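Please look over the structure shown below and work through the questions that follow it.

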Amino acid sequence: MSGPVQIPFKSFIQLKPEESTALYLQIVFEFIKAIQTGFLPEGTKLPGTRILCKLLSVNRNTLIKAFQDLESQGWIETLPNKGTFILSQHKQKNKTEYITVKNQTSSDTNTGFTFNRSAILENPTETSTLPYQFNDGLPDLRLVQNEVLARLYVSKLKRQKSSKTYEQIQIQSHLNFKTHFSNYLNLTRGLRISTSNLLTTNSHEISLYLVTKALISPGDKVVVASPGYYISNMTLTNTGAQIITIPVDQDGIDTNLLKEICEESEIRILYLTSNYHYPTTISLSAKRRMEVLELAHQYGFIILEDDYDFDFHYDNNPILPLAAFDSNQKVVYIGSFGRSLPSGFSYGFVSAPSEFIQELEKYQNILEPGIDVIKEQVLTEWINEGEVHRLSKKNKKIYKERRDYFVLLLKEKLGPKIKFKTPARGLAVWIEWLDTFNLITLQKECASNGLFLPKTLLYQTKNLTATRLGFGHLETEEMENAISILCKSIEEII
């Protein structure tokens with residue numbers, strides 16, 4: 001990893017000396033938030049206190065006091081003659097219980113040459129062999145119709161005989177897929193787009209990367225909600241953007257504060273998960289939706305709307321994205337498709353003005369130069385014949401039943417200890433704990449009882465102790481056991 005001084009601490013450590021909260025506590029809370037959102041990955045070496053106090057413009061004694069607090073809570077560790085590190089996986093967890101998915105290169109490896117290392121894009125993903133696990137809202141792979149898709153795929157391969165060149169087949173197939181896919185988006189999400197307004201990618205993450213690559217220059221101000229999605233925050237920060245956070249309440253982001261920020265600074269982008277805010281599952285209210293669109297028109301910023309979980313809504317009239325009401329072409333809409341399909345069949349996409357799509361295609365031609373013709377033909381057939389709608393309807397019924405039972409268990413087992421709102425969509429529930437305790441302590445206690453609770457699901461600040469719990473991958477008995485372990489672990493640490 002490159003020298004710790006190169007980490008842009010100022011972009012995500014926001015201190016306000018004028019506030020009543022002691023400055024050392026502000027430092028503690030900001031560092032915890034940065035660790036949880038992925039800005040400071042585990043194992044990152046921090047600069048010395050003399051260097052860091054200059055970077056943050058604070059007194060060295062104040063910083064030392066904050067570091068002592070962080071170390072006592074288990075967020076950092078100081079090794080004699082080596083430095084201070086964000087607490088590593090190997091120190092926190094038993095190797096037989098957790099496996100950290102990380103880049104295998106290290107500063108101790110002699111490669112024979114130097115290269116740029118990112119302190120921002122370290123993978124925070126954890127995996128586990130524990131019998132029960134929570135995630136942040138992933139579908140159940142056991143519900144995937146692998147056999148049906150496999151038969152379709154093989155059938156298409158066998159019939160792949162034509163006098164046309166491969167390039168001709170590729171162009172025709174891709175255009176046919178985009179035509180059906182754009183019609184599908186228009187029908188399900190209220191868009192009014194044609195193929196020229198659509199870019200399809202191999203994943204939601206690639207869509208986000210391409211858009212930020214084309215839109216953001218170093219120093220651009222980007223507004224995000226807090227708490228937010230650690231993956232998108234990492235992607236945005238990696239562009240060199242200056243991140244400005246806005247709190248979320250029961251109606252979504254605070255639009256009054258957004259207006260104040262716009263009056264003080266020139267904002268380039270507002271990144272928004274409007275329909276199903278990550279991680280809190282809150283939907284932006286109708287009033288604030290209109291206010292956001294008006295502010296974008298008034299102040300000229302771009303709305304980067306991320307609709308990552310549209311596939312899973314449980315009412316007959318799903319909330320349409322802001323892109324459906326964008327008359328001023330200020331919204332760049334990205335999303336995912338086919339999350340219930342087998343790995344490799346799902347897609348990411350971008351919907352935007354045609355000129356911008358053409359620019360994105362230049363970057364995509366480098367990143368994803370090839371098109372899987374057979375896969376696109378299979379999905380085109382599924383969309384055209386209504387199989388996608390039937391599969392979606394079937395899975396939504398199953399996931400709604402799981403959501404309802406999961407909510408019932410939460411009320412029965414943890415009711416007095418938590419507050420939450422039943423989500424209208426998605427595969428996770430956001431719960432806020434009414435007692436104050438250390439979430440890392442809870443994570444360790446759960447692990448000792450056989451339940452894996454990844455750090456990326458834990459959110460803790462001065463005024464918030466919350467957890468995002470995915471239920472979509474759990475059957476009835478698995479839910480019961482996971483909640484029982486969680487309940488037992490809470491009782492043991494409080």
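Predicted model: local features only at pLDDT ≥ 70, side-chain atom pairs only at ≥ 80, totals over all residues.

Q: How many charged residues are in the lining of the second largest cavity?
A: The lining is made up of 16 residues, with Lys-33, Thr-37, Phe-39, Asn-233 and Thr-245 lying nearest the centre of the cavity. Sorted by class, seven of the lining residues are nonpolar and seven are polar, while the charged residues number two.

Q: Is Glu-30 buried or exposed?
A: Glu-30 has its place in helix α2, and, leaving aside residues up to four places away in sequence, Glu-30 touches Phe-12, Ile-13, Gln-14 and Leu-15. The relative accessible area of Glu-30 is 12%, and since the cut-off for this class is under 20%, Glu-30 counts as buried.

Q: How many residues apart in sequence are the parts that Asp-140 and Arg-402 tie together?
A: The side chains of Asp-140 and Arg-402 meet in a salt bridge, with an N to O distance of 2.9 Å. Asp-140 is buried at a relative accessible area of 4%, and Arg-402 is likewise buried, at 10%. Because Asp-140 lies in the loop between β6 (132-133) and α6 (146-158) whereas Arg-402 lies in helix α14 (residues 387-414), the parts tied together by this pair are apart in sequence by 262 residues.

Q: Which residues are joined with Glu-478 and Arg-142 into one network of salt bridges?
A: Glu-478 forms a salt bridge with Arg-142, the closest N and O atoms being 3.1 Å apart, and the pair ties together helix α16 (residues 476-493) and the loop between β6 and α6. Both residues count as partly exposed, Glu-478 at 23% and Arg-142 at 46%. Through salt bridges that share partners, Glu-478 and Arg-142 are joined into one network with Asp-140, Arg-402 and Glu-475.

Q: Which partner in the salt bridge of Asp-249 and Arg-288 is buried?
A: The side chains of Asp-249, in strand β9, and Arg-288, in helix α11 (residues 286-299), meet at 2.8 Å, N to O.

How values were computed:
Residues numbered from 1 in each chain as written. Heavy atoms only, no water. 1 Å grid on protein atoms, 1.4 Å probe; cavity = no way out; pocket = protein on both sides within 12 Å on 5 of 7 lines; lining within 4 Å. Nonpolar A, V, L, I, M, F, W, Y, C, P; charged D, E, K, R; others polar. Helix = DSSP H or I, 4+ residues; strand = E, 2+ residues; numbered from the N terminus. Buried < 20%, exposed > 50% of the residue type's maximum accessible area, 1.4 Å probe, protein only. Contact = heavy atoms within 4.5 Å. Salt bridge = Lys/Arg side-chain N within 4 Å of Asp/Glu carboxyl O.
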